[in-house]
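Visitor: Could you walk me through this one? I have the coordinates open and would like to start with the strands.
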Amino acid sequence: MIGKWLTVVAIDSSNEIASFSNGCGDAKNYCISAPGVSIYAPREIAQGSGNYVSWNGTSMAAPNVTGVAVVLRSFYPKLSASSIKHILIQ
C-alpha cells in the first residue's frame, strides 16, 4: 500500500505540529504537513447558518494537500497518483 497514499498532519502558524495532530512517525516517508489551525471555513451546512468560523483539525489540513494535488493533476494530466505524491513530498 505504501506509495499510493499520504499521511497529512496539521501545523500551526509557527510551522509546528498542532497539539491535536499526530506526528508522522512510521509514516515519515509518505507524510506531509499543511495548515490546520485557525482555518477560516464555512460553518457546517447542518447547522444552517451559512456563516464562516475558525476551525482546527487535520480535516482542515487534508483539503489543502488535496487542492495542491488537483492543481498538479490539472497541469500535468498524465502524471500518476504515485508521481503526484512524490512531487508533493519533494
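Guide: A definition first: two strands pair if DSSP finds at least two bridges between them. Also, this is a predicted model.

Visitor: Fine. What stands opposite Thr7 in β2?
Guide: Cys31 is opposite Thr7.

Visitor: And in what sense do β1 and β2 pair, and over how many bridges?
Guide: Strand β1, residues 7–11, and strand β2, residues 31–35, pair in the parallel sense, with five bridges.

Visitor: Switching to helices. At what angle do the axes of α1 and α2 cross?
Guide: Roughly 120°, and the axes come within 10 Å. Helix α1 covers residues 58–75 and helix α2 residues 81–89. That angle makes α1 oblique to α2. The crossing of α1 past α2 is right-handed.

Visitor: Which residues meet there?
Guide: From α1, Val65, Val68, Ala69, Leu72 and Arg73; from α2, Ile84, Ile87 and Leu88. By class, that contact has seven nonpolar residues, one charged and no polar.

Visitor: Back to Val65. Is Val65 buried or exposed?
Guide: Val65 lies in helix α1. Its relative accessibility is 8%, and because buried means under 20%, Val65 counts as buried.

Visitor: What does Val65 touch, leaving out residues up to four places away in sequence?
Guide: Leu6, Val8, Ile32, Ala34 and Leu88.

Visitor: How far apart are Val65 and Leu6 in sequence and in space?
Guide: They are 59 residues apart in sequence, and 9.2 Å apart in space from C-alpha to C-alpha.

Notes. Residues are numbered from 1 along each chain as its sequence is written. This is a predicted model: local features need pLDDT of at least 70, side-chain atom pairs count only at pLDDT 80 or more; totals for chains, interfaces and linings use all residues. Side-chain values use heavy atoms; hydrogens and water are left out. Axes are lines fitted to C-alpha atoms, for helices over the stretch in contact, and angles run from 0 to 180 degrees between N-to-C directions. Helices (H or I, at least four residues) and strands (E, at least two) are DSSP runs, numbered from the N terminus. Angles under 35 degrees count as roughly parallel, over 145 as roughly antiparallel, 65 to 115 as roughly perpendicular and the rest as oblique. A crossing is left-handed if the near helix is turned anticlockwise from the far one by less than a right angle, and right-handed if clockwise. Contact means heavy atoms within 4.5 Å. Ala, Val, Leu, Ile, Met, Phe, Trp, Tyr, Cys and Pro count as nonpolar, Asp, Glu, Lys and Arg as charged, and the others, Gly among them, as polar. Buried means under 20% relative accessible area, exposed over 50%, partly exposed in between (1.4 Å probe, protein chains only).
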